[in-house]
Structures are given as C-alpha cells and as structure tokens.
Amino acid sequence: MTSRRTRPPDGGYGWVVVASTFFIMGLTAAVLKNFGHFFLDIQSHFGVLTSTTSWVTSTTIAMFHIGAPAASALTIRFSQRVVIIAGGLLCSLGMLLASLDLSLPWLYLTMGVLEGTGISFSWVPAMSMVNHYFARWRPIAYALASSGECVFSMVFSPLFKWLIETYTWQGALLIISGLQLNLCVCGALMRPLETTLTTSEDDAAVLPSKRKVIFQCSLLKQPELLLYILFAIFAAAGFFIPTLFLVPFSTSLGIEKYWPAFILSVLAVADLAGRLFCGWLANMRLLRNLQLLVIVTTLTGVVLLLLPISHNFWAILGFSMLYGFLFGCLVALHVTSIVDIVTLEGFDSGLGLFMLFRSIGGFIGPPAGGWLVDQTNDYSAAFYLSGFCFISSAVFVVLVDRLVQRKKSAEAEGQQTGKVKRDTVTQEPFLEITLPD
Amino acid sequence: MKLLWALTALLLSYFRADATTVPIIITEPSEVSNQTTAVLSCNLTNPNLPIKGSYWTHNEKPIDESRSDSTAAYTVYRLEKITYHNGGQYKCVFMTEPQVTKTIEVKTLPHVGAYKHSEHGNEMDKGVLTCVAHGHPLPTDWVWVKEKDGKTTPILNGTGDRYEIKSTPNKTILSINELSIENDIGDYICSGTNELGTVSDKIHLRVRSRLAALWPFLGIVAEVIILVTIIFIYEKRRKPDEVNDGSAPLKSNSTANHKDKNVRQRNSN
C-alpha cells in the first residue's frame with residue numbers, strides 16, 4: 001500500500017504562501033463584494049430593473065460554490081499552482097469579455113459564469129495550500145491570509161467608484177480584468193510541497209492501481225462531516241441576512257444620510273479585527289478549534305437576537321461592531337476546523353463539499369429573511385431569523401465535536417495496540433503496517 | 001316715485017343683509033414680493049358666526065405652530081427669513097361654520113441648481129445635463145449657454161442637430177448627442193427666469209474616451225508577464241534537477257528526512 005503524505009513545513013516558504021493567499025483572497029472575494037458599484041450604471045445602460053441586474057452577482061456566487069468541488073478535484077489531480085493560474089486566466093478573460101458590453105445575457109455569461117468559476121478555481125486551492133503548508137501555525141496563517149479579503153474590500157470600494165467615473169464601467173471592467181490577471185502571479189508563487197512516500201509491501205497480489213484518489217466522495221459517509229455541512233448551511237443562511245438588512249433597518253429608525261453606510265464600514269473593520277484576533281487565539285490552543293467555534297457561533301446568534309432592541313445610532317453601532325467582530329472570528333475558524341474533522345488528506349475534498357452545500361444556505365437565507373420582513377412589516381424579524389440560524393448551527397458543531405472526540409479516543413485505544421500511530425507534528429493518525437524482513 | 005324709493009330701499013336692505021352674511025377678510029400685505037422678512041396678517045371683519053380658532057397653511061399644508069384657539073378675528077403669522085423654501089401660497093383659515101380663508105402669495109427668486117455639478121459622458125454617446133428649480137413662482141423661461149475660454153454661446157433647441165432642450169417649470173434637460181472630446185468639453189450654464197429675476201448654475205461636462213482604459217490594462221498585463229517570468233526563472237534556477245510538480249518520486253532513497261520526523265521508510269537499495 002502506498003500512501004502519499006505531505007509534511008507541513010510550518011514556516012519558511014509558508015509565509016510566502018500566506019502572502020500570496022492574502023492577495024488571492026483580495027483579488028477574488030473583495031472584487032465580488034464590490035460588484036454592487038456597477039449596478040446603477042449597468043441598470044441604466046440596459047434599461048432593466050435592479051433585480052435583473054442583481055442576477056449577475058447571484059450567478060457569480062452560484063458558480064463560485066458549484067465550481068468548488070471541481071476545483072478541489074482538479075487540485076488533487078494536478079496541483080494548486082496549475083489550478084490557481086487557470087482560475088486567474090478565467091477571471092481575467094471573464095472581465096475582459098464583459099467589458100466588450102455586447103448584451104445583458106452576455107454579462108451573465110462572462111461576469112457571472114466565467115468570473116465565478118475563475119474565482120472558485122483561485123480561491124479553493126489557495127485555501128488548500130495554506131492549510132497544507134501549516135500545522136502548528138495554521139490558525140494564524142489562515143487568519144492572516146483571509147484578512148486579505150477585508151483589506152482589499154476596503155481599498156476596492158473607493159477605487160472601483162473612481163475607476164467607473166474616470167473610465168466608464170466598461171473601461172473599469174477592463175482594468176479589473178488586468179488586476180485579476182495578477183492571480184496568475186500569485187499562483188506561480190504556490191510552490192508545491194515535496195511529497196514523501198511510505199511504501200510497504202503488502203500482498204504482492206494487490207497492485208497499486210489507483211495511487212491518487214480523485215475525489216473522496218466517501219467522505220460524505222462520515223457523520224461528522226455531514227453534521228458539519230448542516231452547520232455550514234445554517235450558518236450561511238444567517239451570514240448574508242444582517243448585511244442586507246442593516247442599512248434599511250437603521251434608516252427605518254431615522255438614521256439618515258451616510259451614517260448607515262458608515263455602520264457597514266465599521267462592520268468591515270470589526271470583521272478584520274475579529275479574524276486576526278481569533279486566529280491568534282486559536283493558535284494558543286487553549287481550546288479545541290471546534291469548541292471555540294461553538295462559543296463564537298452561539299455568541300453571534302445572541303448578538304443578532306439582541307440587535308433589534310437598539311433604538312438609536314450608538315446602540316446599532318455597538319451591536320454591529322460586536323457582530324462584525326464575531327463574524328470575523330467565525331470565518332477564521334470554520335475552514336481550519338475542517339482539517340480537524342477529515343484530516344489533511346481529505347481536506348481538499350472536504351472543502352469542496354463544504355462550499356457546495358453551503359450555497360444552499362446562502363440561497364435560502366436572504367429570500368427567507370425578506371419574506372419574513374414583508375410578512376411582519378418589521379426588520380427585526382430578519383435579525384431574529386439570522387440569530388436563530390446561528391444558534392441552531394452551533395448545536396450541530398457541538399454534535400460534531402462530540403463525534404470527533406469519540407473517534408479520537410477510539411484511535412487512542414488503537415494506538416495502544418500498536419496499530420495506529422499519530423504523527424508527532426500534525427497529530428494526524430496514520431496506519432502503520434510492518435512486515436517481517 | 002315713492003314706489004321707486006321703496007323698491008330701492010328693499011333692494012338695498014336685501015344687499016345689506018347679504019353683506020352681513022358674507023365675512024370679508026382683509027389681508028395685510030396683500031402680496032409679498034422680493035422681501036427678506038414679512039408679517040402676514042388676516043383681519044376678519046363683520047364676523048357673524050362664532051370663531052373657534054384659526055391656523056395658517058403653506059401650499060395647502062397646515063402649519064402646526066400657527067394653530068390658535070383664540071376666538072379673536074385677527075391672526076398673524078411671522079416669516080423671519082424668506083427664502084425659496086418658504087415662498088408660496090399662504091392661507092389664513094378661520095375655524096367658523098363654514099370655514100373662511102384668504103390667500104397671501106409670497107414670491108421669491110427661484111433656486112436653480114444642477115443635479116450634478118460635474119457630469120461625465122462617453123464619447124459618441126449621449127450626454128444629459130439637468131437643472132432643477134425650487135421656489136415660488138417657478139421659472140417661466142429657461143436658457144442654456146455654453147462657456148468656453150471666456151466666450152459664451154447660447155444653445156437653442158435644435159442647434160446643429162445635436163442639441164435638444166426639454167424644459168418644464170421645475171426642470172430643464174439639455175441632451176447632447178454624439179459627444180466629441182474636442183467640441184463638447186466645457187462649462188454649461190442654465191438660467192431660470194421668473195417675474196422677480198434670473199438665477200443660474202454651472203455644470204462642467206467631461207467626455208471620456210472609450211479606449212482610455214486600454215493603456216493601464218496593457219501596462220498591468222505587461223507587469224504580470226514580467227513577474228510570472230521572473231518567478232519561473234527563479235524556480236528553475238533554485239532546483240535545476242527537480243522533477244516537475246505533481247509527480248512524486250516512487251522510491252525515496254534520501255536519508256535527509258530521518259532527522260526530525262517519525263517517518264518509516266524502506267529503501268530499495
């Protein structure tokens with residue numbers, strides 16, 4: 001039986017990988033977050049409704065999630081470097097073709113499908129790379145890398161506005177296409193890890209026919225991953241609702257002009273602070289990642305349930321800051337926790353499945369929130385729903401944690417019998433078979 | 001003759017009876033025009049019905065602070081600072097059965113403002129400049145003038161087939177077709193005139209070239225190509241004998257990994 005294992009260097013070139021992922025997150029997720037700046041111009045150019053224009057963003061996000069398992073499979077088959085470079089080329093091509101401005105369906109195809117797939121092909125392998133390069137420092141490395149999304153989002157917001165004003169929205173898309181071509185540079189930096197092999201001769205009859213597993217769909221059979229995916233669905237449903245309804249809610253309380261937009265900016269800054277803080281906290285290993293995740297998720301739900309009681313600007317600002325901070329913590333934890341559940345080898349496939357199913361929550365959440373608000377004529381309903389989603393997702397994490405702990409103790413017993421060994425650095429178990437010489 | 005007098009007396013008394021049933025409001029002043037402050041007053045002469053109170057309305061909307069329960073036949077409303085905001089039709093209302101009202105018009109210069117003071121248009125596309133007016137009375141005349149290098153040229157509807165002006169009392173829109181960078185960049189002044197005078201505002205028009213974005217784009221592409229080449233050359237130089245990424249060596253016979261790792265390896269030598 002031949003197994004291919006990569007050894008996390010935990011430093012050294014790993015920090016170059018972190019820097020590269022920082023840029024990749026910025027050039028993908030932050031661009032996606034700032035699509036909204038194009039809405040008005042595209043809407044007036046084609047003469048359509050806002051809802052029709054927002055389908056562009058929906059298509060992009062949909063392709064991002066649907067492409068995730070494909071990106072995982074390709075990463076396993078080829079390497080992260082190849083897939084990220086391919087993703088960069090796709091993104092750049094998508095924006096370039098979109099700038100040609102042929103028709104609205106053309107925009108769906110280019111800015112939606114091509115761009116979304118490209119973002120998926122760049123983002124997923126980058127996540128994979130950071131988690132493979134680090135073990136001990138994984139939480140901090142991941143937190144640092146994901147903070148790229150926040151920083152770039154803050155920079156891109158005024159930049160996109162200025163680009164659209166100076167160069168028209170078609171020209172702005174062309175320049176953003178060039179910017180996204182830099183994803184190829186980031187991909188080029190993703191040096192693959194050297195793999196060491198442990199070979200042991202088993203029965204001579206067993207030939208190593210499939211050395212590499214393309215995609216571990218069998219991971220779905222594990223109850224821990226299934227429950228974690230349920231957590232992902234509920235959390236995703238809760239994710240998108242607050243940012244959508246925060247501005248209308250504050251306007252309904254009488255806060256006017258640019259103060260609601262200021263609340264969103266404060267939320268973004270708190271998000272960044274939360275990611276970095278939680279990465280550092282998780283690194284200290286005072287609690288297990290999953291335990292920390294339970295605490296953070298529950299707190300987020302509680303904060304959201306309390307948010308509607310605010311009656312003035314400062315109360316909303318305070319709650320938004322708290323929510324932003326906790327949201328950042330959640331983001332810092334929820335991907336690295338996958339490693340605790342499916343181990344590093346299954347991580348790529350697990351991440352792909354995680355992203356794919358998460359999209360269900362992302363699709364159901366905002367419309368459900370909108371429907372509730374329409375029924376009750378009160379924006380608080382959306383926040384109650386969001387808080388409820390988060391608290392239910394926390395319940396799933398508790399269950400996952402229990403199951404993982406049970407599995408670990410079963411392995412510990414196996415260790416005592418000598419069959420299962422634990423890698424001293426990554427704490428990942430591997431099966432050792434020794435044959436007499 | 002006596003019959004004629006009797007008839008006249010009858011008619012007069014009839015009219016006088018009529019006169020006593022219709023109350024007359026005397027307004028002071030009857031109209032406010034081009035003043036910074038004013039005191040509006042209404043005096044209800046010969047009230048024959050009980051007055052429960054009075055209030056004022058501005059453009060048909062009641063003014064809450066002017067409500068009064070006094071049964072006096074006299075009411076006053078002060079306008080401290082008259083701007084285009086508070087110009088319009090002021091009505092004093094006496095709460096009798098039925099109500100009696102009289103209107104005083106407060107006229108000001110209009111406020112003329114541009115939607116955006118800096119407008120952008122795309123080359124060969126259509127450029128739209130808009131000015132709106134507020135106040136009472138609204139402008140009756142709108143004039144667009146183009147200013148370039150100190151020279152002003154009036155623009156009329158249909159000048160040179162490219163200009164189109166659509167005006168209503170509260171809004172005027174100037175559309176320029178097929179914008180060109182040489183001819184159309186500059187300042188445009190809209191002037192609105194009402195019976196008190198003229199107020200203007202200026203808009204600066206910028207025309208963007210379609211291909212302007214091409215140069216930064218090509219610059220960035222060049223930068224990407226250079227960086228990627230540098231990285232790959234560096235990688236090749238670092239390990240000239242390294243196997244391509246993706247395929248790992250079947251058997252590892254290096255002993256370098258034994259130092260700090262718990263790897264069990266079988267060497268095939």
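**Cysteine close-ups in a predicted model**

**View 1. Two buried cysteines of chain B.** B:C42 and B:C92 are both buried. The model shown is predicted. A disulfide joins B:C42 to B:C92, with an S to S distance of 1.9 Å. The torsion about this S-S bond is -90°, and the link of B:C42 and B:C92 is left-handed. B:C42 sits in strand β3 (residues 38–45) of chain B and B:C92 in strand β7 (residues 88–94), so the bond ties together parts 50 residues apart in sequence.

**View 2. The disulfide of B:C131 and B:C190.** The sulfur atoms of B:C131 and B:C190 lie 1.8 Å apart and form a disulfide. Distant parts of chain B are linked here: B:C131 belongs to strand β11 (residues 127–134), B:C190 to strand β16 (residues 186–194), and the two are 59 residues apart. The S-S torsion is about -80°, so this disulfide of B:C131 and B:C190 is left-handed. B:C131 is buried, at 0% relative accessible area. B:C190 is also buried, at 0%.

**View 3. Disulfide pattern of chain B.** Counting bonded cysteines along the chain, the disulfides of chain B pair as 1-2, 3-4. Over all chains, the count is two disulfides.

View 4. A:C184 counts as buried, at 7% relative accessibility.

How values were computed
Residues numbered from 1 in each chain as written. Chains lettered and ligands numbered in written order. Predicted model: local features only at pLDDT ≥ 70, side-chain atom pairs only at ≥ 80, totals over all residues. Heavy atoms only, no water. Disulfide = S-S within 2.5 Å. Helix = DSSP H or I, 4+ residues; strand = E, 2+ residues; numbered from the N terminus. Buried < 20%, exposed > 50% of the residue type's maximum accessible area, 1.4 Å probe, protein only.
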